[in-house]
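Biologist: I would like a close look at one part of this model. Please take the aromatic rings and what surrounds them.

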Amino acid sequence: MLRMQPPLHTDLENSAREDKFTLITGQQRGNGRTPAAGREPPPKKLKIVENGFSLKPWKLRAVLGDEAISPVPLVPALAAQILDKKETSKLIRRLNEVLPIPYLQHLKRVKSLKEGETTYIYLLLWRLDSLTCDIDPNLVINKLKEAGVDVNSFSRHFRREMVAKFAPLTRSQFEGLKSQPSYWPCNFHEDKYFESLVTSSHELWGEESRALQEAYMARAWASSARGGGVVVDPSTNVVVAEGHGTEGHPLHHTVINLVDLVARSQGGGALEHTDKIDTLQYNKDILQSNKVNGIGQEAEDRPTTSHNHLKRYGSIAQLSTVPKTGPYLCTGYDVYLSHEPCHLCSMALIHMRTRRVFYSVPTRDGALGSCDKIHTLDGLNHRYEVFTGIMQSESHDVTDCC
């Protein structure tokens, strides 16, 4: 039996329930109305009472691919000593033509090594199959001859070098490689946006963003006794939908119900129960505004972010462009969940074209950090960014499912 999460009692909850789909800050989308006079703005720090939440401040954490947070693995490669330094450029050009190293393009082809008072130049030849394979100078020379390389430019001293398997993704990885005595030079092009996620220096860690994250996650926890989720349009801070998982069907998880609620806000919806349960709600103002304004007649495609590129290993989201007919489900939207989603829900979030996913508590079958990182897998046609830690406390036990 699942352990039931006690309801969240905060100063924000009462006002959130009175006016579910007004802006957390700013004006209401589409009609220019401001919050009712006398209503207190959401506190920057939620006053946590005895509800199972720790009084300790929480810390947002980006859930990145393992390749982005672990040291860059090393692989063996063969290097040859150049006898005449003046021949270096010519040899590099020739080797790049006849013996390219397609999987090690991030490496410099040449390296200088000082031994005593003498500096030697080594040229990277090719990757080795294993660490233990023997290096037969005669076989190496024959292979170079067959490729049309001037073997007289090399000494018969060949070295096994340990080189980076792929280009470092972070400055920390790059500095870690450089600190090794046997470091073979490699290329590193810092992605400032990605680096800000790694170092927690992005504006998502700012006070204003933190206050919004607390407010949205509070609403997610307040959706039901066990928690739930909230879908937010970050461009306007409007809550698009909020709800929770429901009994009666094994697939009616929080995310699946949210998918249908967002679809209802766009004139769709397929699950009958999402239109009948009071605690499952969507923003009817959005649907009405789309009908009145005739979305799709004169609107232009607009990107949801300036970082509209696909980063390796899912480190940065592939954020889709909002089409002229309006967003496709969660295009450009952020989703806040009290619990880490399972594989089913995580894939649904991909198909929804979600922008970012924030969750509070990990789950045993969680697919965004606990037992898998679906958003980092190769071959996906869309990626979203994942963050966790919001209002997470030590008193939250890891649950069996989302």
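Which ring does the charged end of R210 sit over, and how far is that end from the ring's centre?

Modeller: The ring is that of W58. The charged end of R210 sits 3.9 Å from its centre. Keep in mind that this is a predicted model.

R159 lies over the face of Y122, at 5.1 Å from the ring centre. Y122 is also the bridge partner of K111, and sits in β4. Strand β4 covers residues 118–127. Six bridges join β4 to β3, and the two strands run antiparallel.

These strands belong to an open sheet of four. The order is β3-β4-β2-β5, with antiparallel pairing. At the edges are β3 (110–115) and β5 (154–164), each of which pairs on one side only. Neighbouring strands in this sheet are turned by 40° against each other on average, direction ignored.

Two helices lie across the sheet. Helix α3, residues 88–98, lies across β2 (74–82), β3, β4 and β5. Its direction is at about 5° to β4. Helix α4, residues 137–146, lies across β2, β4 and β5. Here the angle is about 90°, taken to β5.

Now the ring pairs. A pair of aromatic rings is described by the distance of the centres and the angle of the planes. The structure holds five aromatic pairs. In one of them, F174 and F188 have ring centres 4.9 Å apart and planes at 20°, so this pair is stacked. F174 lies in helix α5 (residues 171–178), while F188 is in the loop between α5 and α6. The pair therefore ties together parts that are 14 residues apart in sequence. Both F174 and F188 are buried.

Another pair is Y216 with Y336. Their ring centres are 5.1 Å apart and the planes stand at 50°, so the pair is tilted. Y216 lies in helix α7, and Y336 in strand β11 (residues 334–339). That pair therefore ties together parts that are 120 residues apart in sequence. Y216 is buried, with a relative accessible area of 2%. Y336 counts as buried too, at 4% relative accessibility. Both tyrosines are members of one aromatic cluster, formed by W205, Y216, Y336, F358 and F387.

Two loop residues deserve a look as well. The loop between α6 (192–198) and α7 (207–221) holds S200. Its phi is near 60°, a positive value in a residue other than glycine. S200 is partly exposed, because its relative accessible area is 25% and burial is counted only under 20%. R353 also has a positive phi, about 65°, although it is not a glycine. R353 is in the loop between α10 (343–351) and β12 (356–361).

Finally, the setting. The protein chain has 10 helices and 13 strands. Of its 402 residues, 49% are buried. Among contacts with a separation of 6 or more, 68% join residues 24 or more positions apart. The accessible surface comes to about 20,200 Å², and carbon and sulfur atoms account for 51% of that.

Note on methods
Residues are numbered from 1 along each chain as its sequence is written. This is a predicted model: local features need pLDDT of at least 70, side-chain atom pairs count only at pLDDT 80 or more; totals for chains, interfaces and linings use all residues. Side-chain values use heavy atoms; hydrogens and water are left out. Two strands pair if DSSP finds at least two bridges between them. Axes are lines fitted to C-alpha atoms, for helices over the stretch in contact, and angles run from 0 to 180 degrees between N-to-C directions. Contact means heavy atoms within 4.5 Å. Buried means under 20% relative accessible area, exposed over 50%, partly exposed in between (1.4 Å probe, protein chains only). Rings of Phe, Tyr and Trp (its six-membered ring) pair if their centres lie within 6.5 Å; planes under 30 degrees apart count as stacked, over 60 as edge-to-face and the rest as tilted. A charge sits over a ring if NZ of Lys or CZ of Arg is within 6 Å of the ring centre and within 35 degrees of the ring normal. Accessible areas come from the Shrake-Rupley method with a 1.4 Å probe; for residues, only the protein chains shown count as cover.
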